[in-house]
Amino acid sequence: MTRSFESPAAYVQGRDVVDQLGDRLKPVADSALVLADADVLEIVGEQAETSLEGSDVDATLEEFGGESSEAEIDRLTEVARDADADAIVGAGGGKALDTAKAVREQAGGAMVSMPTIASTDAPTSSLSVIYSEDGEFERYWFYEEHPDLVLVDTSIIAGAPVRFFTSGIADAMATWFEADAVRRADGENFFDEDPTYAAHSLSRLCYDLLRDHGVSSVQAIEKGIVTESVEAVTEANTLLSGLGFENGGIAAAHSVHNGLTQLEETHHATHGEKVNVGTITQLVLEGRSDAFVEDVIDFSIEVDLPVTLAEVGVEDPSHDDLDRVAQAAVADEETIHNAFDVSSDEVRDAMIAADELGSRRLS
Ligand SMILES: [Zn+2]
């Protein structure tokens, strides 16, 4: 079989790098549409506009509605066409970036990911997660092209609420366990091909950086400061997690996340928070030792990540609720099949066991 590795053309991370947006975009674009939700426009809109116009790139700013739904993507594609934009700049969290990728796919031109939080591995990938207008997971959309540039300003990342940063740690932690499970099961990456050694190794590096710098980076973000730990974990959450999941493949943790979105009460929990419950569930499914699972749970607790269903909003779930989640997690198109040959009953029971282990370490 063929193995493959794909990535964005460029990744730039550091303090105040938003100021470089215009210079870096000018060689490929004369006009850019910047998409961001209202709060993000307030934080970064003017700085982005100043940088673009300073480099003679016309800038149009447009507010993103908040959900990466088909309706919102179609609306913003019209805005991009009307503005004659030859570059789409997505600024914000995963949903804003995924929406910007979808708009670029339809309107054409270059694409820049400008994450303002290090909460997911969306910035580097060539896919969007499409949700219903009510926030339920619907499907993945895949594109031929990756973002042309990923621009990560760590002074902005450090100014955002710490919860986003810890959510990114959870999403990045899943990357290693999923890529490793896929490799052991001879599964496929997101391009339906074999993972490379590079993808496996980068996923491991991602996990090592999180364990080495996770706690101190979270402390720094709580103070709003940028340290080398913050740079290391931002790179893990954004670059390594992104390259790792797409090129290494994902497995059960994200399928359990997708299943959890079936329950309305989980919608206030972030992507990463739900993924973390999925990661612990996956470790139980793998039959890892108690000590191994407890070590991951204890690290999660140390960086304030949820380790129980109650912490992602599901208090005293009924048997029916957990069955619904587990059935969605093993739907035909789900990535769990990439590494596990399991029934929904096995997933449900693993969720209950993971929840029990998490509750015990919390008490
Ligand atoms: Zn994820």
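The legends below describe close-up views of one predicted model. Residues are numbered from 1 along each chain as its sequence is written, and side-chain values use heavy atoms, with hydrogens and water left out. Because the model is predicted, local features need pLDDT of at least 70 and side-chain atom pairs count only at pLDDT 80 or more, whereas totals for chains, interfaces and linings use all residues.

**View 1. The two domains of the chain.** The domain assignment gives domain 1 (11–159) and domain 2 (162–362), with bounds that come from an automatic or database domain assignment. The C-alpha centres of domain 1 and domain 2 lie 25 Å apart. Across the boundary, 28 residues of domain 1 are in contact with 30 residues of domain 2, where contact means heavy atoms within 4.5 Å.

**View 2. The largest nonpolar core.** A nonpolar core is a set of buried Ala, Val, Leu, Ile, Met, Phe, Trp, Tyr and Cys residues joined through side-chain atoms within 4.5 Å; buried means under 20% relative accessible area, exposed over 50%, and partly exposed in between, with a 1.4 Å probe and protein chains only. The largest such core has 36 residues, of which F165, I169, M173, F177 and L210 touch the most other members. Among the elements that give two or more residues to this core are β8 (149–153), α6 (162–184), α7 (197–223) and α13 (344–362); helices (H or I, at least four residues) and strands (E, at least two) are DSSP runs, numbered from the N terminus. Domain 1 (11–159) and domain 2 (162–362) both give residues to the core, so it lies between them. Leaving aside neighbours within four places in sequence, F165 is in contact with A118, I157, S217, V218, I221, V230, V233, T234 and N237.

**View 3. The annotated binding site.** An unreviewed UniProt entry places the feature "binding site" at D121, D171, H254 and H271; UniProt positions are given in the numbering used here, feature names are shortened, and annotations may be inferred rather than shown by experiment. Although these residues are spread over 151 residues of sequence, they cluster in space, with a largest C-alpha distance of 12.3 Å. D121 is found in the loop between β5 (110–115) and β6 (127–131), and at 6% relative accessibility D121 counts as buried.

**View 4. The surroundings of H271.** H271 is found in helix α10. Residues up to four places away in sequence not being counted, H271 touches T120, Y131, D171, H254 and H257. The side chain of H271 also makes a polar contact with the side chain of D171 at 3.2 Å; a polar contact is a pair of N or O atoms within 3.5 Å, of which, within protein, one must be able to donate a hydrogen and the other to accept it, and residues adjacent in sequence count only if both atoms are side-chain atoms.

**View 5. Two loop residues with positive phi.** D186, in the loop between α6 and α7, has a phi near 60°, a positive value in a residue other than glycine, and D186 is exposed, with a relative accessible area of 65%. D304, in the loop between α11 and α12 (319–329), has a phi near 65°, again a positive value in a residue other than glycine, and D304 is exposed, with a relative accessible area of 66%.
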